[in-house]
Amino acid sequence: MNLSTIIQGKAYVLGDNIDTDQIIPAQYLTFNPSIPEEYKMFGKYALAGVPPAQGGLPKGHIPLHGPANEFISPYSIIIAGRNFGCGSSREHAPVALDAAGIKAVVAEFYARIFFRNSVNGGYLIPLESVKRLCETVCTGDELRLDAIAGRLENLTSNETYELKPLGEVAPILEAGGVFPYARAKGLLKA
Amino acid sequence: MTLTEKILARHSGRASVQPGDNIWVDVDVLMTHDVCGPGTIGVFHQNFGRQAKVWDRDKVVIIPDHYIFTADAMANRNVDVLRAFVAEQNLPHFYDVGTERYKGVCHIALPEEGHTRPGEILLGTDSHTCTAGAFGEFATGIGNTDAGFVMGTGKTWLKVPPTLRFVFHGELPPYLMAKDLILAVIGDIGCDGATYMAMEFDGDGVYCLNIEERMTLCNMAIEAGGKNGIIRADQKTVDFVKSRDKSAKPFVVEQSDSDAPFAREWVYDVTKLRPVVAKPHSPDNRAYVDEIQGTPIDRAYIGSCTGGKMTDFRAAARILNGHSVKIDTFVVPATTEIARLLKTERIDGGQTLEEVFLNAGAKIGEASCAACLGGPSDTFGRLNSAIKCISTTNRNFPGRMGHKQAEVFLASPLTVAASALRGSITDPREYLS
């Protein structure tokens, strides 16, 4: 897993309290994320639990997936409100977003288990915005994210938004997750 | 230091810790189940090798409980993955489906089988692992990668959380339960009010609750975003733990210092509370039952780690005894031990609890997580259409119990039972003389 810290792509916008049952509903948890053919199935069902009116704000009723590919989304950055990833501890949630091609999430703040799973599994970069962006950015806007500099540019609206520093989790993300990080630090045998 | 800080300090080999410290801790018990176990095992094998052994066979507990009584082939395959791993590692603490040892919901099975002890660190691949904080230990949910790391090393890194303190005074009136208390707290602080924090429950109002009710409080710490819920162990805790732990492992009872730095404190007089409901679609969407009394409901559900214990069924039976339900009512004991007790425990020397439920027209399922989290479409009690359900479970975000447009109201077993009798949201005081 190699996480790029500079990401350019289209925004997919969600609201507050997007819990992990909405990110990947329980009936799809029977796939085993450690089997590659099953890993990609999580991409197909990513965000399948979000009520249609709340998916792809501000208009809503915009599916995460386009007609061309049922597994990989044309969007690569999720913009969300408060408490993203609350609820169940299922790691299948950041797995599903990663499998769908999501490289980063920018939310006001996260539920801690989702944040931890994203970082330790090295699936995507969970960033926090200084200001609420889910009512500013529109689904489909072209964004350019610099995770280390803490800057998000909206190329569609010509705006720039400030992000909070990644802080102590930055080295784990840059290593690609807790296992490569622990090996690099000599905490685990290489 | 607070109780949580003391436990984390001792497990990191430090004299003291402060909120915000990043520390490596030794883990006492790691629990996983059929939904996250296969992924955890995959992470373990990928990173430590096919020949690797878990760090301590005696500290790994595997409890299949989520998708058990289903024809879903993938779900059944996942239990086979657990079986193969248990055989490969020769693990002693495995509660396999279809055997005498099968238990049901992991968070209730853990204490019943003696895997919870004061002062320990328990990690589990399930967000409701925080339930075990009721035994005076640090317990929290983790993902597959973290669990795979713990499996191989016995260690994990944690950020020490600040502690919020919730003090309850007074003895609960007969129409209230721990579920009303925790729904009131979540309504006050919001479903992100304790994000990254510990929630310590304290006060005479907590210590007069039985062990199961204390588990209900800690179980829902996660619904406020809490890292853990915790209650200092008292004599009731110690007696329970000693009666269940066959290994008789020594444990350390700790408590918050009198000058412990709590980030914030809330104080409740429990005698003044009224029955509480969390309306769709969030556990913090609080209403008092008397404010929404009469709201029509299609289904009632009594079960799960938070609402399927003996205390919950005794309460529901008190209301249902001698009456008939008006709507589909599903009863799911959390564990096989509870299922057996439903057949033997009698209400006022008369019918067994099971007879009370069946005679009232309720359906009784087999011990497991069942419809609390939806699951495969043939799951007992699952909401397969856009109906309204009142439930003793712990989460009501969209789609949690199955259908995306279904509406779930969370309430105590007393309120759910009273609502089942009327087919609408009903105050349990109407059935309690």
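Q: How do I read a nonpolar core here, and which residues have the most contacts inside the largest one?
A: A nonpolar core is a set of buried Ala, Val, Leu, Ile, Met, Phe, Trp, Tyr and Cys residues joined through C-beta atoms within 7 Å. Buried takes 20 or more other C-beta atoms within 10 Å of a residue's own (exposed is 12 or fewer, partly exposed in between; C-beta atoms are placed from the backbone). In this predicted model, local features need pLDDT of at least 70 and side-chain atom pairs 80 or more, while totals for chains, interfaces and linings use all residues. Residues count from 1 along each chain as its sequence is written, with chains lettered from A and ligands numbered from 1 in written order. The largest core has 199 residues, and A:Ala46, A:Ile79 and A:Ala96 have the most contacts inside it.

Q: Which helix gives the most to this core?
A: Helices are DSSP runs (H or I, at least four residues), numbered from the N terminus. Here helix 6 of chain B, residues 178-189, leads with 8 residues.

Q: What is A:Ala96 in contact with, leaving aside its neighbours within four places in sequence?
A: Contact means C-beta atoms, placed from the backbone, within 7 Å. On that basis A:Ala96 meets A:Ile23, A:Ile24, A:Phe42, A:Gly43, A:Tyr45 and A:Ala46.

Q: Is B:Ala315 buried or exposed?
A: B:Ala315 is buried, because 27 C-beta neighbours lie inside 10 Å. B:Ala315 sits in helix 12 of chain B (residues 310-320). Beyond its neighbours within four places in sequence, it touches B:Met177, B:Pro413 and B:Leu414.

Q: How many residues of chain B are in contact with chain A?
A: It's 42, against 35 residues of chain A. Helix 2 of chain B gives the most to that side, with 6 residues.

Key: Helices (H or I, at least four residues) and strands (E, at least two) are DSSP runs, numbered from the N terminus. Two residues are in contact if their C-beta atoms, placed from the backbone, lie within 7 Å.
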